[in-house]
Amino acid sequence: MNPLILVLIFVAATIIGYFLIKNVPSLLHTPLMSGMNALSGVTIIGALAAAGLALLVRDPLWGQVLGALAIILATINVVGGFGVTHRMLRMFQQKKKK
């Protein structure tokens, strides 16, 4: 596929995603964040597959480096997302009486 088409699809998805997320009420943020964490988990699996398949290419070093970078970034996204979700869920818990 033409790289220019892929870049245009990425830019269109970014713009559409921005406007969709901008209009989400804060009450729905926590369930949506949990769903995005699940998608980031799928991204980690895809990054692992890409790094593994890089061994089959002529220059496996670049594929492995990019695969490792994708794994690291997706892992940071998952951990950060769960941290934010946990913090928001604590906001909705009732205060315990001391």
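View 1. The model shown is predicted. The protein chain holds three helices and zero strands. Of its 98 residues, 13% are buried. The chain exposes about 8,200 Å², and carbon and sulfur atoms supply 76% of that area. Among contacts between residues at least 6 apart in sequence, 68% join residues at least 24 apart.

**View 2. Confidence is highest in helix α1 and lowest in helix α2.** The mean pLDDT of the protein chain is 78. A value of 70 or more is reached by 87% of the residues. Helix α1, residues 3-22, has a mean of 86. Helix α2, residues 29-53, has a mean of 76.

**View 3. Tyr-18 and Phe-19 form an aromatic pair.** The count of aromatic pairs comes to one. The pair of Tyr-18 and Phe-19 is edge-to-face, with 5.3 Å from centre to centre and 75° between the planes. Are these two residues buried or exposed? Tyr-18 counts as exposed because its relative accessibility is 51%, and the cut-off for exposed is over 50%. Phe-19, at 45% relative accessibility, counts as partly exposed.

**View 4. Three spans carry the name "transmembrane region" in an unreviewed UniProt entry.** The entry lists residues 6-24, 36-56 and 62-89. In the model, residues 36-56 are 86% helix and 0% strand. The end C-alpha atoms of residues 36-56 are 31 Å apart. Residues 62-89 are 100% helix and 0% strand. The end C-alpha atoms of residues 62-89 lie 40 Å apart.

**View 5. Helix α3 runs over residues 60-92.**

**View 6. Helix α3 has buried residues at several positions.** Which residues of α3 are buried? They are Gly-67, Ala-74, Val-78, Gly-81, Thr-85 and Met-88. Over the protein chain, buried residues make up 13% of the 98 residues.

Key: Residues numbered from 1 in each chain as written. Predicted model: local features only at pLDDT ≥ 70, side-chain atom pairs only at ≥ 80, totals over all residues. Heavy atoms only, no water. UniProt positions renumbered as here; feature names shortened; annotations may be inferred. Helix = DSSP H or I, 4+ residues; strand = E, 2+ residues; numbered from the N terminus. Buried < 20%, exposed > 50% of the residue type's maximum accessible area, 1.4 Å probe, protein only. Contact = heavy atoms within 4.5 Å. Areas by Shrake-Rupley, 256 points an atom, 1.4 Å probe, with all protein chains shown as cover. Phe/Tyr/Trp six-rings, centres within 6.5 Å; stacked < 30°, edge-to-face > 60°. pLDDT = per-residue confidence, 0-100. Expected span 1.5 Å × (residues − 1).
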